[in-house]
Amino acid sequence: MKFTSVKTVISLVAGSVILTHSVFALAHNQAGSFTTGLAAAVDFYTVSCTNDGNGAPSYLEAQVKDMTANSSKVNITIQKGTTNCNTNACARFSLDSADNDAGYSPLIKLTQGAGTYNLYVAHTAAGADSYDVLLHCKTATNVHTGTGVTSRQQQ
Amino acid sequence: MMMKLQRKHLHLSLFVALSLNILGSTQFVYAENNDTSTRSNVAFDSLASVQVQCFSGENELSVDQVITDELMQQAASRVAEERVAALSRLATAVPMDVVVRQKIIQTALQDADPRVRGQAVYALVQQNCADSMLLLEQALDDSELSVRLMALDGLMGDDRSVALLKNALKDDEQAVRELAAVKLDSLFPTAETVK
């Protein structure tokens with residue numbers, strides 16, 4: 001009887017921990033800002049799409065939110081691969097033209113399988129801009145799978 | 001003996017599980033405290049003494065109490081990003097009483113976080129307020145690059161703005177000089193500006 005309650009406690013605690021951490025694992029946000037303010041500033045990240053047990057990655061989807069209302073607008077470009085780009089696009093672009101709302105830019109997808117995707121964040125003019133990028137690696141059946149982001153350049 | 005071992009195992013599991021959860025919560029608490037601490041750490045806030053007075057515009061929207069309450073709550077958030085988001089929304093026409101808008105902007109101009117101050121400067125320029133130009137002039141003296149950039153963004157094409165834009169060409173920061181030059185170029189396409 002005692003063992004049953006002990007097992008229940010362990011299951012509940014372990015379950016809560018697993019749930020907490022899996023929720024964080026699903027939410028992939030990359031926040032940042034252009035520290036130099038220069039028009040030519042580019043923040044560069046690499047996004048690693050891997051099979052975390054949910055299935056082999058098929059594509060990366062991304063969108064950006066410009067979090068500063070001003071004349072300058074934030075955009076992203078995601079890129080992977082250099083061959084057969086006319087069959088399966090190797091690069092896509094998305095701009096958040098409305099920077100005074102909570103909305104993100106149009107969702108873009110790049111179907112280039114598993115591996116490392118490049119993410120470039122830029123803005124249209126000199127100015128103080130901060131942003132939030134949503135990133136998700138997904139399988140061919142749209143299941144979220146392993147997604148890792150690394151910052152490579154901050155401007 | 002077996003029972004003791006199982007109890008020990010249980011204690012260890014509970015300890016690990018709770019530690020992980022506490023660690024997660026601590027990170028959030030730290031983030032909030034960190035945010036609050038930046039409020040009292042200002043290098044030079046050029047806008048600390050500015051008093052704003054705004055008036056109803058010609059195309060004023062009728063007041064929406066739900067949106068008003070929502071924005072007031074967001075503007076008073078402990079999280080700087082939330083305060084910036086509230087001020088971003090004030091940069092457009094919102095169905096709020098002008099007095100409430102003025103209060104939010106006034107408070108934000110004295111915020112220790114430069115991102116909030118910068119966004120407040122930009123929001124103010126979009127309102128019908130007295131002494132906007134004086135505020136922009138003071139904001140251009142702020143020690144924070146982001147505040148100066150927001151002030152530059154708010155300048156128009158009148159004589160005083162042009163004088164301030166020309167003065168900004170001498171700023172220490174390349175981004176400020178660049179933005180001033182671009183704005184002057186757009187106002188006077190044939191004029192030569194120092195880059």
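This is a predicted model: local features need pLDDT of at least 70, side-chain atom pairs count only at pLDDT 80 or more; totals for chains, interfaces and linings use all residues.
Colleague: Let's start with the overall layout. How many helices and strands does chain B have?

Modeller: Chain B has nine helices and two strands. Along the sequence they follow the pattern α-β-α-α-α-α-β-α-α-α-α. Of the 195 residues in chain B, 32% are buried.

Colleague: And what share of the contacts in chain B joins residues 24 or more positions apart?

Modeller: Counting contacts with a separation of 6 or more, such pairs account for 67%.

Colleague: Which residues of H4(B) are buried?

Modeller: They are B:Arg101, B:Ile104, B:Ile105, B:Ala108 and B:Leu109. Seen down the helix axis, these buried residues fall within an arc of 130 degrees, so they line one face of H4(B).

Colleague: H5(B) makes me think of the core. Which residues have the most contacts inside the largest nonpolar core?

Modeller: Those are A:Leu60 and B:Val121, in a core of 66 residues. H5(B) gives the largest share of this core, seven residues. Domain 1 (45–141) and domain 2 (155–195) of chain B both contribute residues, so the core lies between them.

Colleague: Beyond its neighbours within four places in sequence, which residues is B:Val121 in contact with?

Modeller: B:Val121 touches B:Leu135, B:Leu136, B:Ala139, B:Val147, B:Met150, B:Ala151 and B:Gly154.

Colleague: Let's finish with the two domains. How far apart are the C-alpha centres of domain 1 and domain 2 of chain B?

Modeller: The centres lie 25 Å apart. As for direct contact, four residues of domain 1 of chain B meet four residues of domain 2 of chain B. On the domain 1 side that touches domain 2, the residues divide into three nonpolar, no polar and one charged.

Definitions and conventions. Residues are numbered from 1 along each chain as its sequence is written. Chains are lettered from A and ligands numbered from 1 in the order in which they are written. A residue is buried if 20 or more other C-beta atoms lie within 10 Å of its own, exposed if 12 or fewer, and partly exposed in between; C-beta atoms are placed from the backbone. Helices (H or I, at least four residues) and strands (E, at least two) are DSSP runs, numbered from the N terminus. The arc is that of the directions from the helix axis to the C-beta atoms. A nonpolar core is a set of buried Ala, Val, Leu, Ile, Met, Phe, Trp, Tyr and Cys residues joined through C-beta atoms within 7 Å. Domain bounds come from an automatic or database domain assignment. Two residues are in contact if their C-beta atoms, placed from the backbone, lie within 7 Å. Ala, Val, Leu, Ile, Met, Phe, Trp, Tyr, Cys and Pro count as nonpolar, Asp, Glu, Lys and Arg as charged, and the others, Gly among them, as polar.
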